[in-house]
Each structure stands twice: as structure tokens, then as C-alpha cells.
Amino acid sequence: SLHLAMRAALPGVTILSFLARSDGFLDPDEVEVIVDYVMMSTTAELDRDACSKVVARLSPDYAELVEHFGYFLRQPERWERLSRAARRLVDADGEISADEQIAWRKVSDSYALALEAFEVAEQRKLEDMFGIALRA
């Protein structure tokens, strides 16, 4: 169902929606990129028009998207797929705005910091578990 597909794709959809709206306008071509992302995130048959309507109503803020970083931290291929969709989204309306570039840089930098913190925490867990220092 559309509801389940949107829930499954929500972390990426939230970030893409934030980027799409960062220039103050949600272009129909940007909506299509986000719908494509949803469609690739599920094996269910979805109604594109219904999905487009849901996507067009989304207007997440920065705090909402940061909450979804955890979805990507343990599986880097998810972030790679999102990054490809983000590049398509930024190019979708035919012009790359400075606002979109700044927003993507902010998201990418924040994710990189979250990933670094996650990796340090994982390393500390291993060190605690085995009682050894893994860092030089």
C-alpha cells in the first residue's frame, strides 16, 4: 500500500523533500524524482498520482531530516542511493540554485559528522566488549 511504501521510504523522502523545498519552490519535476525514489524503495504496485500528492504535501524542516540519519548509518548503500536521487533532484528543474547547493552541503556535512560519531561509538563498544584499545 502507499502508506507502507511511504513509511519505508520516509527517511530518504524527508531529506529529498527538504532539498526540493530549499529554494522556496517545489517543482513538479522534483516531485517526480522523489516519487521515483519511493517506487524504487518498494516492490508494491503504487499509484504514481496518489504518491505525488502525498509528496507534494511534505514540507520537513532540518530537525526532522536529521532524525532520519540513523536509517542510513548502518547501511552506506542506502546513503549512496539517496545521494544519486539528490543529484537528480537538484538538476530536475533545469537550474541548480545556490539554495539547493547549500542545503545539500549542509545535509551531507551533517551526515558525515553523524557517521563519524556513529563509527567512534561502534569502535568504543568493541573496545569495551573485548577490553582492548583498537585505536593507535
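Me: What is the handedness of the crossing of α2 and α6?
Reply: In this predicted model, α2 and α6 cross in a right-handed manner.

Me: Why are α2 and α6 called roughly antiparallel to each other?
Reply: Helix α2 (residues 28–40) and helix α6 (residues 76–92) pack at an angle of about 160°. An angle over 145 degrees counts as roughly antiparallel. The two helices, α2 and α6, are therefore roughly antiparallel to each other. Their axes lie 8 Å apart.

Me: Which residues of α2 meet residues in α6?
Reply: From α2 come D29, E30, V33, I34, Y37 and M40, and they meet R81, L82, A85, R88, L89 and A92 in α6. By class, this contact of α2 with α6 has 8 nonpolar, no polar and 4 charged residues.

Me: Why are α1 and α6 described as roughly parallel to each other?
Reply: The angle at which α1 and α6 pack is about 25°, and their axes are 10 Å apart. Angles under 35 degrees count as roughly parallel. The conclusion is therefore that α1 and α6 are roughly parallel to each other. The contact is made by G12, I15, L16, L19 and A20 of α1, together with W79, L82, A85, A86 and L89 of α6. In this contact of α1 with α6 there are 9 nonpolar residues, 1 polar residue and no charged residues. The crossing of α1 and α6 is right-handed.

Me: How do you know what helix α1 would span as a straight helix, and what does helix α1 span between its end C-alpha atoms?
Reply: A straight helix of 20 residues would span 28 Å at 1.5 Å a residue. Helix α1 (residues 2–21), however, spans only 22 Å between its end C-alpha atoms.

Me: Where in α1 does a kink lie?
Reply: The kink lies at L10, shortly before the proline P11, and amounts to about 70°.

Me: At what angle do α2 and α3 pack, and how far apart are their axes?
Reply: α2 and helix α3 (residues 48–57) pack at an angle of about 115°, with a distance of 9 Å between their axes. The crossing in which α2 passes α3 is right-handed.

Me: What makes the contact of α2 with α3?
Reply: V31, E32, I34, V35, D36, V38 and M39 in α2 meet R48, C51, S52 and V55 in α3. These residues divide into 7 nonpolar, 1 polar and 3 charged.

Me: How many helices and strands does the chain have, and what pattern does the chain follow?
Reply: The chain has 7 helices and 0 strands. Along the sequence, its pattern reads α-α-α-α-α-α-α.

Me: What box do the C-alpha atoms of the chain fill?
Reply: Taken along the principal axes, the box is roughly 55 × 35 × 20 Å.

Note on methods: Residues numbered from 1 in each chain as written. Predicted model: local features only at pLDDT ≥ 70, side-chain atom pairs only at ≥ 80, totals over all residues. Heavy atoms only, no water. Axes fitted to C-alpha atoms, helices over the stretch in contact; angles between N-to-C directions. Helix = DSSP H or I, 4+ residues; strand = E, 2+ residues; numbered from the N terminus. Parallel < 35°, antiparallel > 145°, perpendicular 65-115°, else oblique. Left-handed = near helix turned anticlockwise from the far one by under 90°. Contact = heavy atoms within 4.5 Å. Nonpolar A, V, L, I, M, F, W, Y, C, P; charged D, E, K, R; others polar. Expected span 1.5 Å × (residues − 1). Bend = angle between axes of the 7 residues up to and from the residue.
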